[in-house]
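Please examine the structure below.

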Amino acid sequence: MITRAFDRSAMSWSYEMHLQPMLSANDIEGLPFGSVFGSVPAHTVSKRHAHQDGEMFIVLAGKAVVVLGDEERELGPGEVVHLSPFGFHEIRNESDEPFDIVSIYWEHIPSAVTALEQLPPRDQLAERTLVFCPPPTPNGGLHLGHLAGPYVRADMLVRALRSMGRDARYVTGTDDHQSYVAAAARLRGTEPAEVARAEGDAIVATLRSAGVGCDRLTRPAADPEHAGRIRELFSRLAASPAVKEETRETAYCPACDLSLHQAFARGHCAHCGAASDGEICEACGRPGEARDLTDARCRICGTPAVTRPERALWLDLDAYADQLRDHLRDRYTAPDLQALVERLLDEGLPPYRLGRTGTWGVALEDGQTLDAWADLALTFLDAARTEAEQHGPARITLFLGYDNSFYYAVLLPVLAFATGLAEFLPAAFVTNQFLHLGDAKFSTSRGHAVWAADALAAAGPDAVRLALLREAPEGRVTRISPERAGRLTQDPLYHGAQDWLAGFAALAGRSDGRVPGTGAWTDAHREFYRYLNLATRQLDGLLLPESFSARGYVRQLESFVSRCAEFRATEEAVRGVASLAEEARTSLALEYLAAKVFAALAWPVVPELAQRTWDWLGLPAQPVREADWTFLPAGSPVAPGAPGTTAAAATGRS
């Protein structure tokens, strides 16, 4: 006889609850399930998670709410609940007593596969989405590293959502009040407003040239009402009990009579030793005051920094640590960002200075201006609130560089809590690391760059977008050599797609310029049609913020083109056989359908080529991404030539 007893002293902490092994196949040979005792402490929420297993909770004692997806049910002693495979669940114990259960779980792969089929990626995408990108700093032009980070990737998602019939809007702008703008103006001997205007205009023009369509552009220096709106939000922030006026030692340059912070200070990170500017380390993502830098110097003149006392408003971030933890539980955060924020919370969040000694930015009292990052966070909240007022509520997805993680995953939420605007925070964070040029990071301030405007003029938007999406620095640093950066049109997908599409000129001639209807089907035809639908679902899965991958999307799209080319090569031999005319019609109809599918799937990546293909097929407006692909109507005319040829392009839209 084998027995087990519920024993709190034998439990370990896992899934943010107490667990104790019960019985499994390790104890009883052939036992088709595993089991554990579990206990969720009072006023505790277990970790939200999912398994491939089926699971059943049997309640022993206490009361709590069991959450499965969008369903909630309060359970008490003697009650049982079944949790389906891949269903995200948690236990919310708001009572004063522990919630004790027995969990029984088992693996049944057919049930798991069925559960996956009932959760197509497309159904998990919101009907309305706001896609935010951090506004680039207008202290210089955009380089390829900028485009490879959030900007083209975010546009890829927006296009894909729109092709599915979703309402998606792209929000970015220019970060005019950054200290880097003021520093650039000092170094150039001009005014910050002139730098922000000229460089900001160039940035906006470059984004448009890259096919990045912005639905809302926030440009603070050009908006006469910006300062008033931000001051109103700042007044809410200043009323928080976590905000206090304090005098602290601050890095200072006596030669320039300049308070050193952010772009005005350079040294080495006190945590990891990497070269760093003030307030944030791009290498490890940790925040810190400029005075904490090792070998801190003035960026303007190179003088070693000294310190002086300065009085300013400071925000106690740690006062919101518990609220921040709870908030991020319900958001998707990319793994690198999640690890950083957990580490920062465990270490204790540092206080954050809200006012800076200077003249550039939103003016506060006593000769100070609002900290540029606080300004940026409040601008984000103001834009999200305005979007909701004008267009209705939406799920917000934020694309951002890992180096901005602290500001967007810590400072932004805390400012939202303090101002009462938490409802406008991102539901998902999609990060990127850095694209390096050779062995060093792209850098505007250091002049180590390939400028995006030059690359776009030389290679065109499709080639630039494709090359950068292929090398997107997702989850890791990626590199592009100077030689590769000079040959952006030499991409295997770019050439493979054009070669495959060029072959449609001969097919159009064979079918008198019209799409044939289907005839007799072979097994190969059936499996190719199945593939078109399955490939679409696989690519849909790479668009979810939780699994977003531009690199993966490009590689699967390249495989799609290769599969279509193989289908043509195999089918070509039988298309001239008179006795197989009915099968040939199906074969050709499938090829035209493949072109339609390609146009819709490729539009987020290479919009010009995709649009030309769509137009060549005689389809209206912009590419539409169907859940289950419908054939082109029999007899539909196609344009002369093939997609991308001069004759076909002349009939399309630019």
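Threonine 250 belongs to strand E14, which spans residues 243-253; strands (E, at least two residues) and helices (H or I, at least four) are DSSP runs numbered from the N terminus. The model is predicted, with local features requiring pLDDT of at least 70 and side-chain atom pairs pLDDT 80 or more, while totals for chains, interfaces and linings use all residues. Residues are numbered from 1 along each chain as its sequence is written, and side-chain values use heavy atoms, without hydrogens and water.

Threonine 250 has a relative accessible area of 4%, so it counts as buried (under 20%, against over 50% for exposed and in between for partly exposed; 1.4 Å probe, protein chains only). A polar atom of its side chain lies 3.3 Å from the backbone oxygen of arginine 248. Beyond four places in sequence, threonine 250 touches (heavy atoms within 4.5 Å) Ser259, Leu260, Val306, Thr307, Arg308, Glu310 and Arg353.

The second largest pocket is lined by 40 residues, and His146, Glu282, Asp403, Phe434 and Lys441 lie nearest its centre. A pocket is an open set of points on a 1 Å grid over the protein atoms alone where a 1.4 Å probe fits, with protein on both sides within 12 Å along at least five of seven lines; lining residues have an atom within 4 Å of a point. Helix H2 gives the most to this lining, with 5 residues.

Helix H17 (residues 581-602) has 22 residues and reaches 31 Å from first to last C-alpha, close to the expected 32 Å, that is, 1.5 Å times one less than the number of residues. Of its 22 residues, 18 are buried.

Terms used:
Polar contact = N/O pair within 3.5 Å; in protein donor to acceptor, adjacent residues only side chain to side chain.
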